[in-house]
Amino acid sequence: MLDLGYLNQPQERNKPNYRLWVTLAFIAFLAANFWLGSRYPALNEKAMMGGDTPVAGLSFDILFEVLPNSGILWEFTANVVNWINTNLKGMAFGVLFGSAVLTLLPLIQRRSFDNGFANSALGVVIGAPLGVCVNCAAPIAFGLHAGRMRLETTLSAMLASPTLNVIVVTMSFALLPFHLAVIKLVLALALVLLVVPLLCRYILKSETDSTRHDAVKVSNAASPTGLTAWIAKVLAPAEVESEKQGFVSSIQWFVKTYARNLFFIFIVTVPMMLVAAALGAVVATLTDPGELTRALPGRGAFMIISAMILIVLCASFVPAPIALDIILVTVLLQIGMRTEYAMATLIALGSFSVYAFFILWKAISLRTGIVVWAAVIALSMAGGILVKVSHSDVLQYYQNKQIEAIQAVDGIDWPTLHELPPAVSLADLRPTITSQAIRSNSVPASFQSSNGNLISLAKLELSDGVRTTEAEGPAFSRLVGTQIGLMEKGVNSPMRELGYQAMGGAIAAGDLHGDGWTDLVVTRPTHGLGLSVYANVGGKFVRQEHDLGVVDDSEVFNLALADLDGDAQLDMVVSTIRNGDFVFYNDGGNFTAEKMTVLNEPSQATLASISFADLDSDGDVDILSGRWGPRGVSEGWGLRPEHNRNQIFWNLGGEDFRVEELPGVAGQTLTTLISDFDLDGQLDIFSGDDAGATDLVTFLGEGGAIRSFGREEQPFPYYTNSSMSYAQGDWNNDLIIDYYAVQVAQSDGESRDRSADNRTLFNICTQFGEDIGWSESEVLKCASELLSIDQIRDGRNMRMLHDCGTSSLARDRAICGAASTIRSLENRFRNPKGDRQRFEKCHAALRTIPALQIYCDSLLLPAAKRMPKEEFEELYRPSFQNGNMLMMRKTPDGAFVDLAKEKGIRSPGWGWNGRFIDLDQDGWKDILVMTGIWQKAAGSMTNVFYRNDGQMFEDATESYGFQDVVPSYSYVSFDFDRDGDIDVFRDNNAMRMIVHRNDKPAGPALWVNLRDSHGNRLGLGARVTICVDGETTVRPGRCQMQLVDGSGGFKSSRPTAVHFGLGKAQQVSLIEIKWLDGEVSTIKPTNLLDGEITISRN
């Protein structure tokens, strides 16, 4: 037996105890370094991200990805490694701190009180500030116990660390329904201050007695057997020297003693960490919280209690990292977990674990581990039962508070937009447009075309403006739209939290007047009616007058440009909110209601995605529409809305269309893509849905007939879960199309600096102030208003379990009450055929806010029930939730492989529009992703620019001038000033439109326009390849390829001219066009490098 009785020998009181001060100094350094450098910043970040914190298995810090097509062995391995990676700092701190405590305690004469309750309170004082999970606190508890602290103190410190830390408690009140947070706090206090001392007094009496008197030997952790005992005996000194020691000798004593204690605690605790990681990974691999939530019973006391017991046993078993309980329960509540199960999970998860059980067993006794585990289980069950019993009363309380918030206002004083300057008529603009028309000149070249058609090549002149090439500063200059005539002025509005307005910001670019200058069309900001057409006048923009009839009096949701009548002029497709969808035909740059076709009559569905291609190869451009509509005020559906079924509008010519609804489950489509996914020469169609796991490629055959769809036919092994945009392009110049998918992909901590300085509401408003010229008081007012608006989402997400009292403005409290009320009615329990009773209740509750009563209307719509899991899995591939995808054909059989993680573009943030585009014009296509969300502006991140070096992508956001905390959803790119480089225009969803002007391209660029007299006049669907510097054979290396693409992205319609950055190339030596009908045209220019060209087939 190892005798550690020397630890309690008294020190000479009249001699300076340098050993004590050296040990305390080390502990202070260790704690400060961990708390300030790691733990509290990490907890603050999780508090800010809340339910959006990335979670995989039992881990936050994802080192090894678990993909939907991963095998079970890989998933288990990844869960083990990720758990270790997530807990590495905390566990290391636990071992280091526990060793330091074991070194310190022998130097302290009095380490406990005579009263057990006081000793438990001491444990809370020690444990609560630690801020580590119960797994990381277990080695510290081991150190406390081995250092002769009372058992009440040891147990309370271990249990208080994960449950009573100030940030964890704050998180629970910020993210959870108030009553759940209160119950969690009360039961956590009861556990450490009441249950633990009572257990020690009446059940763990002998274990407590072994720590009560100094004369009694240390518990079995201090007298181990086997290898551990041998090592401890070798390392431990015979006794603590009591004579006076100098400062140097005290340091020597500390190093020796601490090393012995560290090794002792390490060898006892670390092996069990690995065992716990493996056991937790088994549970994480075999369980799916979402599926479990949907399977839990909602009726029958016996069934509910039985299910609760199983949940509590599982939750208290797994070694969860700190704050996982709050974040996971927040997510589970949002996807529909009943509150009694949520409460039981909240207490059990993180309060205890199998690893804590091992430590208590090893350090104290098997009985101690079992008793403490049983206490946690009992309190978890008590919490769940208490919530179940009180549910009706609590629900009624929240509903009353929500109604009070609504009735506290007599209508809403909605923000109003600034008046725009008068628009200019096309007649007044015509002379300028005519005079600035770009001249073209033929380019000497040799031509060859496989079908013998005549091919011609003309070059359009660039402007006389001089490109800005400042010596310092980023490559792109940030301009406020008003500087170049884009006069849209937005407002901060709570409507951006709700329904249609939560998905704002459509933008389209194209040459509307045929003068060679690219124009803009944008939706109006929130609360605005109609749209704005901006004519490009020499690199400045002038708002053009138009008469669009009903559209001018409607809120426009989306818009896009394409030539639909075969006259080589861009026509405009417009989708309104509840007033129908239309085509406006271009009449020499003019758009009027007189030349308009109705696509859809008024309904609750909108066209969130509008794509164009000649899908049936008949020479006319068809329209693929991805439909979207809110469920109440929310952007996701539990029930499947039949009115949101996607459509193809087959172009019959003569301004007439035939509509065909697409098969599959009606979802919430935000993006569509048209591409030849199976390389059979026929275009196929893809729809990407938000929060539905229903992304789908539908394969088309001859004449556009639907050939096949379903799980087995899908080209990708999996899809994104909350798809915002898909794009296609050749990023590595291997002349094979790759695909990039963007979704809600919060950073995993490796690819982004998520410092709070870049995400605060104050910084957003400060940027507004710089753009507009606000005073400091106006900036503060803006930040206060955004903070108030941000609280609406909390109420909306918690549905009926939020009192809507956190917003500072009565307006926002009322809107929160309305949103919560609607969500409490529009759920999976309503009549799927339409629920008139709930509709009337909703309408009556919102009578003082008539503008929001429209969101009650979805209750009248029929919706399909959730498809059975087996049937669903036969139709759809699995979805991936933790990042974006880069799909490339890499396997010998041409199958796709996801390389987003490997190439450094997995997690840019809450993404929206993402496109392949060579912004630095070095010959490699980069990726620009718009990020952020107005529904939760405090958590927004800057937009992300991934620069492509040919092998990898690097985050070059700041160095290229795209750093901006103001959220944006969409953008388009084109050379607005015709100076030979590509610029970026962001949507008008903020206070002002923002333009990023390209001032420092790495090389010249070539734009290629197609003109085809065979129909499909702008060549949509054609493939353009260029080769440089003498290369006259199409092959990877000095060649680039692009598609003339009228699809993809999020609410962004781009010019049809394809853009090639040329880098250091000296000459374009070959241009190859593969037209949609299969004809291949080859052009070998004599003297061509940069600029804009038009290739015509006659």
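Modeller: Gladly! A residue counts as buried when its relative accessible area is under 20%. By that cut-off C1027 is buried, and C1039 is buried too. Please keep in mind that this is a predicted model.

Biologist: Which hand does the disulfide of C1027 and C1039 have?

Modeller: The sulfur atoms of C1027 and C1039 lie 2.0 Å apart, and the two form a disulfide. C1027 sits in strand 37 and C1039 in strand 38, so the pair ties together parts that are 12 residues apart in sequence. The torsion about their S-S bond is about 105°, so the disulfide is right-handed.

Biologist: What is the torsion about the S-S bond of C842 and C856?

Modeller: C842 and C856 are joined by a disulfide, S to S 2.0 Å, and both residues are buried. The link is left-handed because the torsion about its S-S bond is about -70°.

Biologist: Where in the chain are C765 and C782, the pair 17 residues apart?

Modeller: A disulfide with S to S 2.1 Å joins C765 to C782. C765 is buried, at a relative accessible area of 0%, and C782 is buried at 3%. The pair links distant parts of the chain, with C765 in helix 18 and C782 in helix 19.

Biologist: Why is the sulfur of C314 too far for a bond, and in which residue is the closest cysteine sulfur?

Modeller: C314 is partly exposed, with a relative accessible area of 32%. A disulfide needs two cysteine sulfur atoms within 2.5 Å. The sulfur of C314 is too far for a bond because 17 Å separates it from the closest cysteine sulfur, in C133.

Terms used:
Residues are numbered from 1 along each chain as its sequence is written. This is a predicted model: local features need pLDDT of at least 70, side-chain atom pairs count only at pLDDT 80 or more; totals for chains, interfaces and linings use all residues. Side-chain values use heavy atoms; hydrogens and water are left out. Helices (H or I, at least four residues) and strands (E, at least two) are DSSP runs, numbered from the N terminus. Buried means under 20% relative accessible area, exposed over 50%, partly exposed in between (1.4 Å probe, protein chains only).
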